[in-house]
Amino acid sequence: MNINNIKKQFPIFNNKVQNNDLVYLDSANSSQKPQVVVDRIYDFYTKEFSNVGRSVHYLAVAATNLYENTRVLVQKYINAKDPNEIVFTKGATEAINLVANTFGQKFLGEGDEILLTELEHHSNYVPWHYLRKSKGVKIKFAEFNSDGEVTLESIEKNITPKTKIIAITHLSNVTGAILPIKEITRLAHSKNIPVLVDGCQGAPHLKLDMQEIGCDFYAISCHKMYGPTGLGILYAKKKWLEVLPPYQGGGGMIREVKKEGITFGELPNKYEAGTMATAQVIAFGESIKFLNKIGIENIEKHENELTKYGEEILRKNNSVKLIGSPKDKGSVLSFTLDGVHAHDIATILDEDGVAIRAGHHCCQILHDKLGLSATARASLGVYNTKDDLDKLNESLNKCKKIFEG
Amino acid sequence: MDLKDLYQEIILDHGKNPRNLKKSDNFNKDAKGHNPLCGDKVHIYLKVDENNKISDIAFEGSGCAISMASASIMTDLMKERKEVEVKELVDDFLEMIKQNPELKSKILGENEKTKLMSLSGVKKYPMRVKCATMAWHTLTAAMKNANEETNTDKFE
Ligand SMILES: Cc1ncc(COP(=O)(O)O)c(C=O)c1O
């Protein structure tokens with residue numbers, strides 16, 4: 001795999017950012033887009049645009065086919081059984097809200113428990129929180145250990161006869177811990193508890209096989225996966241999509257609408273109310289093709305090497321403290337720097353063209369437990385190189401210099 | 001270089017050794033400020049005497065060098081100020097950060113002006129402006145003894 005050739009496919013790197021070469025270390029936040037994805041959006045709007053699933057004219061039929069092609073590409077990419085198990089949403093956030101809302105409506109009541117982990121992004125906590133008020137449910141948090149991991153044991157300890165659903169991240173966007181989601185799913189299923197996986201950080205970096213993982217729901221954020229913004233995916237086993245109530249109401253998701261009542265459409269329309277992010281869905285097909293062409297195994301290998309290298313150089317830097325040291329770790333490096341607040345780090349690094357994220361990364365529960373108000377985070381994508389990590393380290397030394405005077 | 005404007009000596013000094021950083025046990029007005037975007041927090045304690053003068057001021061908080069330095073410099077500046085002066089100084093500072101090239105207030109000494117102007121480096125960093133202004137907005141809230149947390153999302 002030739003990273004230079006891959007990097008060349010991302011037009012953002014052709015331009016200077018404030019007179020610097022861009023060192024993009026914020027892919028866990030959102031990834032950059034390859035030219036094929038950008039072009040696909042342009043081509044669709046300039047040559048092929050029409051709304052999908054409504055009209056019978058040529059363009060409408062062609063657009064509908066393109067839209068549905070992406071569904072099949074995604075189905076194959078994650079090895080789902082049926083294309084109808086793929087629901088397009090506005091983001092992973094909406095995908096999780098969809099499940100929390102509909103599953104909550106149908107299956108949850110007073111005193112029922114939802115099991116999350118302390119690693120969860122706000123997107124996989126806040127949607128469940130609403131059910132505290134509306135349904136009187138209890139939310140429990142499986143603890144992470146000193147390495148920043150959530151183990152199978154930690155999940156097991158928190159399961160009670162009242163646990164009705166488990167919702168966990170695949171890969172922590174702060175510590176990088178990869179959770180044993182297959183084992184957690186086996187355990188949960190042995191107790192008849194369904195499992196939702198927040199796959200935002202898993203999907204761009206790890207091989208996905210829904211049959212092997214076995215989870216009931218898997219939420220994906222397309223913009224973190226070399227795809228467009230405004231688009232997410234909910235994978236859900238058909239048995240759930242069939243029994244859960246619809247989420248949003250509107251055009252496209254109905255069968256018959258009468259003054260006295262309404263019947264709802266079949267899958268996948270049932271969960272795709274209104275005009276969807278058509279151009280984004282079609283362009284996301286190119287993201288999947290891009291990933292397939294390189295091979296997710298190759299991406300994983302490349303990112304693992306870089307992560308190890310990054311950990312090594314940051315460990316050698318005495319002023320840096322890495323957050324978490326999970327054995328099974330994705331390409332996220334969160335850290336603090338002695339005497340320098342994360343936001344000051346981010347501003348100083350930015351001056352060198354090094355883009356990182358600073359803050360709580362939408363994980364306040366985690367940061368509170370660590371007693372930190374903010375951390376800095378460098379996260380990797382397929383286009384990163386060791387050179388990028390060296391530049392990160394150099395800029396961190398510059399921070400130290402500025403602050404030590 | 002812009003970074004040197006942002007992280008001037010004065011800022012680094014106040015950021016590392018903030019003045020008046022303590023919980024006051026002698027206060028009659030207070031308010032909290034919070035920047036939800038970055039998690040910075042500040043809690044300002046005031047002792048305002050019968051002449052509407054700040055006889056004691058302190059703050060607690062955590063945040064970046066800019067926000068800590070700003071709270072430190074601000075609290076130093078406000079000691080022994082009357083309510084009208086506080087308002088004048090807050091407005092002048094916020095106007096300077098927003099648009100004015102200089103501070104206008106006549107009640108500021110040269111030394112004080114220099115200290116305040118050291119915070120003007122944030123003008124080139126739109127994402128960091130609130131770091132510099134949070135303590136000042138929170139001071140205004142504290143003068144009113146506002147119970148509701150001052151949230152930077154609500155600033156103009
Ligand atoms: C772990 C995790 N979950 C959920 C989300 C939310 O994704 P989106 O904002 O694309 O809906 C993110 C992205 O920030 C994330 O990192």
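How far does a polar side-chain atom of A:K224 lie from an oxygen atom of the ligand? In this predicted model, the separation between a polar side-chain atom of A:K224 and a ligand oxygen atom is 2.6 Å. Taken alone, the ligand exposes 400 Å², of which the protein buries 86% (accessible areas from the Shrake-Rupley method with a 1.4 Å probe; for residues, only the protein chains shown count as cover).

A side-chain N or O atom of A:S221 is found 2.6 Å from one oxygen atom of the ligand, and for A:H223 the distance from a polar side-chain atom to a ligand oxygen is 2.7 Å. A polar contact denotes a pair of N or O atoms within 3.5 Å; within protein, one atom must be able to donate a hydrogen and the other to accept it, and residues adjacent in sequence count only if both atoms are side-chain atoms. The residues surrounding the ligand include A:G91, A:H121, A:N173, A:D198 and A:Q201 (a residue is near a molecule if one of its heavy atoms lies within 4 Å of it). By class, this shell comprises two nonpolar, eight polar and two charged residues.

A:S172 is located in the loop that connects β5 (163-169) and α7 (181-190) of chain A. With a relative accessible area of 0%, A:S172 is buried (buried, under 20%; exposed, over 50%; partly exposed, in between; 1.4 Å probe, protein chains only). Its side chain reaches the backbone nitrogen of A:T175 at 2.9 Å. Beyond neighbours within four places in sequence, A:S172 contacts A:L119, A:A177 and A:V332 (contact, heavy atoms within 4.5 Å).

A:D390 belongs to helix α14 of chain A, residues 386-404, and is partly exposed at 27% relative accessibility. When neighbours within four places in sequence are set aside, A:D390 is in contact with A:Y309 and A:I313. The C-alpha atoms of A:D390 and A:G310 lie 8.2 Å apart, although 80 residues separate the two in sequence.

The contact between chains involves 13 residues of chain A and 17 residues of chain B. About 1,300 Å² is buried between the two chains, 59% of it on carbon and sulfur atoms (buried area, the accessible area, 1.4 Å probe, that two parts lose on being put together, summed over both). On the chain A side, A:T347, A:E351 and A:F403 lose the most area to chain B, together 36% of what that side buries.

Residues are numbered from 1 along each chain as its sequence is written, with chains lettered from A and ligands numbered from 1 in the order in which they are written. Local features require pLDDT of at least 70 and side-chain atom pairs pLDDT 80 or more, whereas totals for chains, interfaces and linings use all residues; side-chain values use heavy atoms, with hydrogens and water left out.

Methods: Nonpolar A, V, L, I, M, F, W, Y, C, P; charged D, E, K, R; others polar. Helix = DSSP H or I, 4+ residues; strand = E, 2+ residues; numbered from the N terminus.
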